[in-house]
Amino acid sequence: MTDSATSRHQGFTLVELLVVLAILGLLAGLVGPRVLNQLGGAKSKTANVQIKDFEQALELYKLDVGRFPSSDEGLSALVSKPAAATGWNGPYLKRKDIPSDPWGRAYQYAAPGQHSEVDIYSYGADGSAGGEGENADVGNWN
């Protein structure tokens, strides 16, 4: 004799599954945007750190050569000797190449700069001047 109540398979009902899915959806809706905002902010912070590394390397370059690299020589003067750089004792970066910004584009360099002796900057996520949030320019002056 089998009792129909004891032979039933134990499991979740459709209503229970829908409640769990609704709760997961709410959590994803609340937590997801915050996680994405942190990810975007991390790229700007990474750009700031790389720019500070460039500034330190440029100061070492200036101590050896007596001047900052020209705009034409650019940041590549930190890893390979420019023709007009007497006293060059590089490379001044641990890497053998100039890293791209966190969005995959080249850093911009100007000497003399508009904001300081040299300007090192990235145009941000959108790749164009100006912008807000992740599209804002990241430079050694801000």
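# Briefing: core, sheet and pocket of a predicted model

Leaving aside neighbours within four places in sequence, Leu 75 is in contact with Phe 54, Leu 58, Ile 98, Tyr 107, Tyr 109 and Ile 120. The model described here is predicted. Its secondary structure comes to one helix and three strands, which follow the pattern α-β-β-β along the sequence.

**Overall figures**

- The protein has 142 residues, of which 27% count as buried.
- Among contacts in the protein with a separation of 6 or more, 40% are accounted for by residues 24 or more positions apart.

**The nonpolar core**

- The largest nonpolar core holds 23 residues.
- Those that touch the most other members are Phe 54, Leu 58, Tyr 61, Leu 75, Leu 78, Tyr 109 and Ile 120.
- Helix α1, residues 14–65, gives the most to this core, with seven residues.

- Strands of a sheet pair through backbone hydrogen bonds, in either a parallel or an antiparallel manner.
- In this model, three strands form an open sheet in the order β1-β2-β3, and the pairing is antiparallel.
- Strands β1 (108–110) and β3 (138–139) stand at the edges with a single partner strand each, so one side of each is left without a neighbour in the sheet.
- Three bridges pair β1 with β2 in the antiparallel sense, and Gln 108 has Tyr 121 in β2 as its bridge partner.
- Strand β2, residues 119–122, is joined to β3 by two bridges, again antiparallel.
- On that side, Tyr 121 stands opposite Gly 139 in β3.

**The faces of strand β2**

- In a regular strand, the side chains alternate between the two faces of the sheet.
- Both faces of β2 are covered.
- Asp 119 and Tyr 121 lie on one side, Ile 120 and Ser 122 lie on the other, and all are buried.

**The largest pocket**

- The volume of the largest pocket is about 170 Å³.
- Its lining consists of Gln 50, Asp 53, Phe 54, Gln 56, Ala 57, Tyr 92, Leu 93, Lys 94, Arg 95 and Pro 99.
- By class, this lining has five nonpolar, two polar and three charged residues.

Note on methods. Residues numbered from 1 in each chain as written. Predicted model: local features only at pLDDT ≥ 70, side-chain atom pairs only at ≥ 80, totals over all residues. Heavy atoms only, no water. 1 Å grid on protein atoms, 1.4 Å probe; cavity = no way out; pocket = protein on both sides within 12 Å on 5 of 7 lines; lining within 4 Å. Points joined across faces, edges and corners; volume = space filled by probe spheres on them. Nonpolar A, V, L, I, M, F, W, Y, C, P; charged D, E, K, R; others polar. Pairing = 2+ DSSP bridges. Helix = DSSP H or I, 4+ residues; strand = E, 2+ residues; numbered from the N terminus. Buried < 20%, exposed > 50% of the residue type's maximum accessible area, 1.4 Å probe, protein only. Core = buried A, V, L, I, M, F, W, Y, C linked by side-chain atoms within 4.5 Å. Contact = heavy atoms within 4.5 Å.
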